[in-house]
Amino acid sequence: MDLLAPAGTSEVSTHSPWAVETQNLTKRFGDNVAVNDVALRVPRGSAFGYLGPNGAGKTTLIRLLLGLTRANSGTMSLLGHRVPDDRSHALARVGAIVDEPRFFSHLTGRENLRVLAAAREPLARQRIDASLARVGLSQRADDRVAKYSMGMRQRLGVAACLLGDPDLLMLDEPMNGLDPAGMQEMRELIRSFVDEGRTVMLSSHLLDEIERTCDAVAIVDRGRIVRQGPIAELLGAAATEVDVDCSEPARAQDLLSVSRVVTSIEVTESGLRVRLVEGASHEEVAELNRLLVLGDVRVYRLQVVRASLEEWFLQVTSRLGDSA
Amino acid sequence: MSLASAPTLTASERARDGRGSWMPTGALIGAKVLELRRRRGLMVALAAVTIGLPTLYFTVRLIEHAASPRQFGPAGGYQQFTGVVVAVLYVFGFIMSATLGCTAGTADLGDGMFRHLVVTGRSRLALYFARIPAALAIMVPMVTAGFIVVAAVSSLAAPSSINVNGAEVPLGLNATQFQDWAAQHSTQALCNLPQTGPVKVLLPCGARAATREAVIVRLGHQPTPTKLSPAQIASAARALAASDYPLYRSVPQRPPWSLLLESWAWVLLESLVGVVVGVGLSALLGQRTIAVVLLLILEVVLTPIASRHIIPYMLNVQRGVIGVATAHLAPHALTGPGSGTGFASVVPESRGLAWLVVVAWLVGWTALGAWRMARRDA
């Protein structure tokens with residue numbers, strides 16, 4: 001029997017397409033609104049990034065979903081079970097790391113997993129060895145956790161998540177404290193979980209990691225979700241930038257600045273960087289070229305610069321900041 | 001799909017997974033025992049106090065007696081038993097039980113494991129209630145081991161005689177044997193045994209003992225100097241032994257089985273109180289150190305004050321102090337005049353009320369701790 005078999009074999013079958021769903025979820029700490037009217041949908045079987053700067057309310061949202069703290073208002077469900085009403089059943093198929101993974105430092109890694117397995121179903125105890133092997137901790141399983149590095153604790157945290165053979169893993173800043181090799185391993189581990197049909201929701205402030213690891217993302221700022229959806233779609237809708245190398249940058253700037261498809265122009269060492277309106281296509285890029293050629297400016301290079309998630313994130317959050 | 005249409009579980013589906021139940025499972029308790037047992041420093045401290053302290057005390061007494069039997073009496077005996085049970089097992093048993101209880105009550109929080117445990121979906125109450133049997137599973141064997149040491153040495157190394165005002169009187173004699181001993185040791189008997197009857201025969205003791213000139217004191221009469229024959233002196237000693245026999249019998253040579261069992265149960269009750277109050281108070285405060293300090297103050301400062309003084313208008317408060325209540329539940333032999341412990345509380349309280357106070361403390365602190373656990377942010 002494969003104790004860490006691909007997901008989807010849960011006894012409690014639910015038909016919700018969403019592994020996580022929230023509506024109007026709000027959590028306040030005094031006057032501070034840590035989670036502000038959040039409506040989140042995490043598709044099943046995907047790696048979902050919950051992205052935001054420090055203090056944006058990422059960990060608070062995860063704590064709410066896991067029943068570690070109470071919401072002021074709103075509704076939530078995990079794997080189709082309402083939380084907190086059906087919390088016990090929802091969490092039976094959820095594994096989670098919240099904040100930095102801390103364990104009983106006087107116990108070994110294996111003993112810590114025994115303690116956690118005891119709180120789960122009886123089968124969880126039989127998954128300890130497989131979980132340790134999955135995260136590459138078998139050799140150090142009988143060392144006291146006090147001797148573990150941060151990366152090893154992160155991996156032990158993931159092993160703890162696997163004890164319940166979860167359909168959903170919620171990992172809060174899983175890359176924290178990892179060296180580049182550890183980050184690569186964690187990334188591969190997360191993708192392997194998704195390949196098995198599990199859903200992985202991870203929060204991070206590391207834009208690059210989210211972009212490399214996740215299929216979909218929600219961007220959160222000051223407790224509010226400002227965008228969510230598949231990364232490819234979101235980036236497609238992001239403002240397109242075009243690098244233009246040309247003979248007369250100053251005149252080119254004058255020519256392009258009157259165009260309706262151009263939102264801003266920046267003079268660079270080799271020419272111009274032109275930002276187009278959101279959703280601009282190749283036709284708008286061709287229009288730039290036409291304007292320059294008609295104005296007798298010689299164009300040496302015209303290159304569309306793909307917006308990265310980081311740039312898009314900065315666009316979105318800075319705009320939010322401007323309107324505040 | 002909207003949240004309103006999210007499926008809810010049927011009763012049979014709920015029944016298959018008991019992790020929402022407040023009842024702790026055996027596995028949960030076992031895991032908590034493992035976690036506590038691996039705290040080497042704490043375990044060493046518990047063993048050192050509950051087992052080591054009485055062992056050390058009796059070892060020193062055994063060595064002293066073996067080295068100089070005339071100077072140092074036997075290590076064991078009835079009074080040694082009552083004294084060590086009250087002064088060591090009862091007082092330190094509570095303190096160590098409370099310390100263990102406070103550790104069990106806050107270890108998950110302090111080490112950051114509470115969050116991991118809560119996200120398993122296991123009921124917070126089950127997580128809380130597992131701490132009490134787990135701590136008891138460690139404390140009961142420790143206290144019992146310490147008690148076995150005390151009981152064994154007290155019984156096996158009990159003295160064969162009792163010293164009454166300097167006279168070595170053999171223990172375990174019946175009435176006739178006691179009178180025969182008094183007749184054979186008439187001077188010792190008449191000089192040292194307490195004379196409480198209407199006629200007292202006062203012999204010249206010590207250096208003048210050979211003169212045999214006695215003074216007979218009858219109630220309401222002048223003392224009469226009289227020269228008594230050896231047979232008369234023996235007869236007077238025999239009569240004195242007959243009247244003193246009930247008092248002699250009240251001093252047992254070694255603790256009887258009934259007292260051993262009662263004392264063991266009483267010491268365990270005190271440990272149970274220590275563990276439960278420790279778990280509850282520390283869970284309520286979320287702080288081990290403060291909880292331990294508060295319980296130390298309760299046991300070492302407040303309880304003696306509440307037990308040994310009657311404070312006007314505060315009598316019912318004094319009765320509500322757990323140490324005063326458990327003192328009233330102690331076996332009579334541990335608190336009575338012959339025990340030599342000086343432990344009896346001066347605060348009047350019936351055993352029924354004392355039991356009520358104990359139950360209230362157990363239930364109250366458990367409820368407070370459970371309430372806090374259920375509501376605490378993890």
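1. pLDDT is the predictor's confidence in each residue, from 0 to 100. Helices (H or I, at least four residues) and strands (E, at least two) are DSSP runs, numbered from the N terminus. This is a predicted model: local features need pLDDT of at least 70, side-chain atom pairs count only at pLDDT 80 or more, and totals for chains, interfaces and linings use all residues. Residues are numbered from 1 along each chain as its sequence is written, chains are lettered from A in the order in which they are written, and side-chain values use heavy atoms, with hydrogens and water left out.

2. Ends of chain A. The chain A average is a pLDDT of 86, and 89% of the residues score at least 70. Residues 1-13 of chain A fall below 50; this stretch has 27 contacts beyond near neighbours in sequence. A contact means heavy atoms within 4.5 Å. Residues 320-324 of chain A also stay under 50, with four contacts beyond four places in sequence. Where pLDDT is low, the predicted coordinates should not be read in detail.

3. Chain B and the complex. Chain B averages a pLDDT of 87, with 92% of the residues at 70 or above. Its residues 1-15 are below 50, and the model gives this stretch 32 contacts beyond near neighbours in sequence. For the complex, the predictor reports an ipTM of 0.77 and a pTM of 0.78.

4. Domains. Chain A is assigned domain 1 (2-228) and domain 2 (239-306). These bounds come from an automatic or database domain assignment. The two domain centres, taken over C-alpha atoms, are 44 Å apart.

5. Extent of the interface. Chain A puts 48 residues into the contact and chain B 43. Together they bury about 3,900 Å², 54% of it on carbon and sulfur atoms. Buried area is the accessible area (1.4 Å probe) that two parts lose on being put together, summed over both.

6. Salt bridges. The rule finds three across the interface of chain A and chain B. It asks for a side-chain nitrogen of Lys or Arg within 4 Å of a carboxyl oxygen of Asp or Glu. Glu111(A) and Arg38(B) form a salt bridge at 2.7 Å, N to O.

7. Elements at the interface. β1 (18-29), β5 (73-78), β6 (81-83), α2 (87-91), β7 (94-97) and α3 (109-118) of chain A each supply at least two residues of the side that touches chain B. The largest share, six residues, comes from α3(A).
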